[in-house]
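I opened the notebook today to look up how the pieces of this fold sit against one another. Here is what I had on screen.

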Amino acid sequence: GSGKTTLTRALLDRLPSTVATALIVHPQLAPHELIRAILRDFGIPIRSLLPQRMLESLRRFLLRIAEGGGTALVIIDEAQLLSRETLEAVRLLTNFETDKQKLLQILLVGQPELAETLAGHDLRQLRQRIALRLALKPMSFDETERYVHHRLERCSGERPPTFESGALRTIHRESGGYPRLVNMMCDRALVASFVRERFVVDRPTVELAVKDIRGDEGLWKRWGRRLLHVAYS
């Protein structure tokens with residue numbers, strides 16, 4: 001819930017046309033299945049399912065990209081789900097290079113368990129090839145406030161709803177600054193405020209939304225019938 005996939009999509013939207021990309025979003029694959037998925041996402045015709053033939057097709061594709069002045073990028077989302085055998089296949093993919101440059105860049109996007117897996121002795125060669133590591137931290141209160149205001153401005157009409165400062169502080173405290181939880185709490189609180197015909201979300205409403213998310217019958221106990229009426233009207 002820290003925004004990894006959102007940032008990945010934003011990266012893909014901002015890359016220049018000279019970068020060929022392959023995005024793997026379901027990485028629970030055997031090594032040969034991963035190679036096939038990469039070829040498919042690059043748009044490379046698969047004429048043989050033999051791993052060596054697929055690797056040859058990938059190398060020819062990467063050489064053409066490099067000769068044209070471009071580069072190739074593979075992004076693997078939820079990479080903590082990769083098996084050790086498949087991670088070893090990822091390492092072998094980093095061997096694609098010429099005398100002047102690497103032919104393939106690989107971005108592993110995953111939860112903290114990925115770092116724990118890579119710390120294993122059997123994956124030390126892959127770990128040594130990692131050029132850059134970044135960890136997404138939870139948002140601060142100021143970042144959470146700007147995030148909520150930005151989403152309201154982008155999604156609302158002429159009269160966007162607002163959150164009281166106390167409501168936003170409660171959201172930040174209870175969510176820990178993680179965007180996914182911020183979204184959930186704001187969504188529940190906005191629905192409750194809509195039912196009450198209020199354009200300002202206050203702290204008590206957010207507190208009920210938090211209880212609702214935790215299963216403590218917050219909003220449902222207070223406004224369940226009115227919520228049903230709105231849903232089916």
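How many bridges join E1 to strand E2? I counted six, and the two strands run parallel. E2 covers residues 71-76. As one landmark, I noted Val19 standing opposite Thr71 in E2. A reminder to myself: this is a predicted model.

Next, the whole sheet. I found an open sheet of three strands in the order E1-E2-E3, with parallel pairing. Strand E1 (19-24) and strand E3 (105-108) stand at the edges with a single partner strand each, so one side of each has no neighbour in the sheet. On average, neighbouring strands here are turned by 15 degrees against each other, direction ignored.

Then I checked what lies on the sheet. Helix H1 (residues 4-14) lies across E1, E2 and E3, and runs at about 155 degrees to E1. H2 also packs on the sheet, where it touches E1 and E2. The direction of H2 makes about 135 degrees with that of E1.

Last entry, the helix pair. I looked up helix H2 (residues 31-42) against helix H4 (residues 84-93): they pack at an angle of about 50 degrees, their axes 8 Å apart. That angle makes H2 oblique to H4. I noted the crossing of H2 and H4 as right-handed. From H2, the contact uses Pro31, Leu34 and Ile38; from H4, it uses Glu85, Thr86, Ala89, Val90 and Leu93. Sorted by class, I have six nonpolar residues, one polar and one charged in the contact of H2 with H4.

Definitions and conventions
Residues numbered from 1 in each chain as written. Predicted model: local features only at pLDDT ≥ 70, side-chain atom pairs only at ≥ 80, totals over all residues. Heavy atoms only, no water. Axes fitted to C-alpha atoms, helices over the stretch in contact; angles between N-to-C directions. Helix = DSSP H or I, 4+ residues; strand = E, 2+ residues; numbered from the N terminus. Parallel < 35°, antiparallel > 145°, perpendicular 65-115°, else oblique. Left-handed = near helix turned anticlockwise from the far one by under 90°. Contact = heavy atoms within 4.5 Å. Nonpolar A, V, L, I, M, F, W, Y, C, P; charged D, E, K, R; others polar. Pairing = 2+ DSSP bridges.
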